[in-house]
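I opened the model to look up two things. How do some of the helices pack, and what lines the pockets?

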Amino acid sequence: MDSDAPITAQDFSNLGQSLALLATRGLARSYRRGTVLIEEGSQGDSLYLVLSGCLRVYGCDARGREVTYGIYGVGEYVGEMSLDGGVRSASVITEEASRCVMLTRASLLAHIAEHPEFAFELLTKVIRRARAATLSTKQLALNDVYGRLRALLESSSAGGDDILLTHQAMAHRLGCSREMVSKLVKDLEQGGYLTRVANGRYQRLRALPSRW
């Protein structure tokens with residue numbers, strides 16, 4: 001069950017000093033996997049700071065088709081776009097069991113009043129996400145599905161780690177069908193570019209071709 005709990009020393013150890021100070025102003029709660037924290041189109045003035053687990057920010061159309069805008073883990077926060085008083089521009093769901101601090105607009109403003117340097121941190125975060133949204137829109141407009149998949153796979157394996165995204169998660173990130181992703185991934189496996197490893201993970205064996 002979802003539950004409230006005091007913020008612990010372990011929670012603080014996962015955050016930088018600035019976010020640890022901010023976290024003390026909110027309410028910590030543990031959430032089950034699949035819990036919707038924010039619904040697109042709703043009113044709200046709170047944001048969520050992730051202490052453990054991860055959150056997925058997404059949008060969907062009337063037919064239930066989804067597109068993922070981002071995955072955010074420990075030390076990240078979501079919901080800042082509604083602080084202007086507008087409706088929520090996206091939904092947020094827990095991708096796994098997660099623990100978050102909920103902060104209201106009033107508590108955030110009080111924190112900025114005492115620590116004005118945090119306003120710049122918040123602004124920097126918004127700018128980075130705006131840049132990411134611009135890049136995503138550019139890729140959707142100028143790249144075919146394979147081009148977008150190639151960029152996603154290369155960014156997901158940039159650190160040398162296995163690719164952890166499921167076919168459905170890839171489809172949500174790319175704005176296409178799961179069937180299209182499955183076909184392309186199978187073709188890349190057969191071509192010797194990807195290999196499936198334990199627990200449905202993939203590993204990139206060599207640089208992916210620029211076109212397919």
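**Entry 1: α5 and α6**

I began with this pair. The crossing of α5 with α6 is right-handed. The model is a predicted one. I looked up the angle next and got about 115 degrees, with the two axes 10 Å apart. Then I listed the residues that touch. From α5 I noted R148, L149, L152 and L153, and they meet M170, R173 and L174 of α6. I sorted this contact by class: five residues are nonpolar, two are charged and none is polar.

**Entry 2: α5 and α7**

I moved on to the helix at residues 178-190, α7, and its approach to α5, residues 145-156. Their axes come within 11 Å and cross at roughly 65 degrees. Angles of 65 to 115 degrees count as roughly perpendicular, so α5 is roughly perpendicular to α7. I checked the hand as well, and the crossing of α5 and α7 is right-handed. Which residues make the contact? On the α5 side I wrote down V145, Y146, L149 and L153. On the α7 side I wrote down M180, L184, V185 and L188. By class, I found eight nonpolar residues in the contact of α5 with α7, with no polar and no charged ones.

**Entry 3: α6 and α7**

I then took α6 against α7. The axes come within 8 Å here, and the crossing angle is roughly 115 degrees. That makes α6 roughly perpendicular to α7. I recorded a right-handed crossing for α6 and α7. The α6 residues in the contact are H167, Q168, M170, A171 and L174. Their partners in α7 are R178, V181, S182 and V185. I classed the contact of α6 with α7 as five nonpolar, three polar and one charged.

**Entry 4: the largest pocket**

I turned to the pockets. The largest pocket has a volume of about 1,200 Å³. I counted 37 lining residues, and those closest to the centre are Y69, G70, Y72, A132 and A133. Which elements each supply at least two residues of the lining? I found β6 (66-72), α4 (117-142), α5 and α6 (167-174). The largest share comes from α4, with twelve residues. By class, I noted 19 nonpolar, ten polar and eight charged residues in this lining.

**Entry 5: the second largest pocket**

I repeated the search for the second largest pocket. It holds about 500 Å³ of space. I counted 18 residues in its lining, and I71, E95, L164, L165 and A169 lie nearest the centre. The elements that give two or more residues to this lining are β6, β8 (91-94) and α6. I found the largest share, four residues, in α6. By class, the lining of the second largest pocket has six nonpolar, seven polar and five charged residues.

I compared the element lists last. For the largest pocket, β6 and α6 each supply at least two lining residues. For the second largest pocket, β6 and α6 each give two or more.

Key:
Residues numbered from 1 in each chain as written. Predicted model: local features only at pLDDT ≥ 70, side-chain atom pairs only at ≥ 80, totals over all residues. Heavy atoms only, no water. Axes fitted to C-alpha atoms, helices over the stretch in contact; angles between N-to-C directions. Parallel < 35°, antiparallel > 145°, perpendicular 65-115°, else oblique. Left-handed = near helix turned anticlockwise from the far one by under 90°. Contact = heavy atoms within 4.5 Å. Nonpolar A, V, L, I, M, F, W, Y, C, P; charged D, E, K, R; others polar. 1 Å grid on protein atoms, 1.4 Å probe; cavity = no way out; pocket = protein on both sides within 12 Å on 5 of 7 lines; lining within 4 Å. Points joined across faces, edges and corners; volume = space filled by probe spheres on them.
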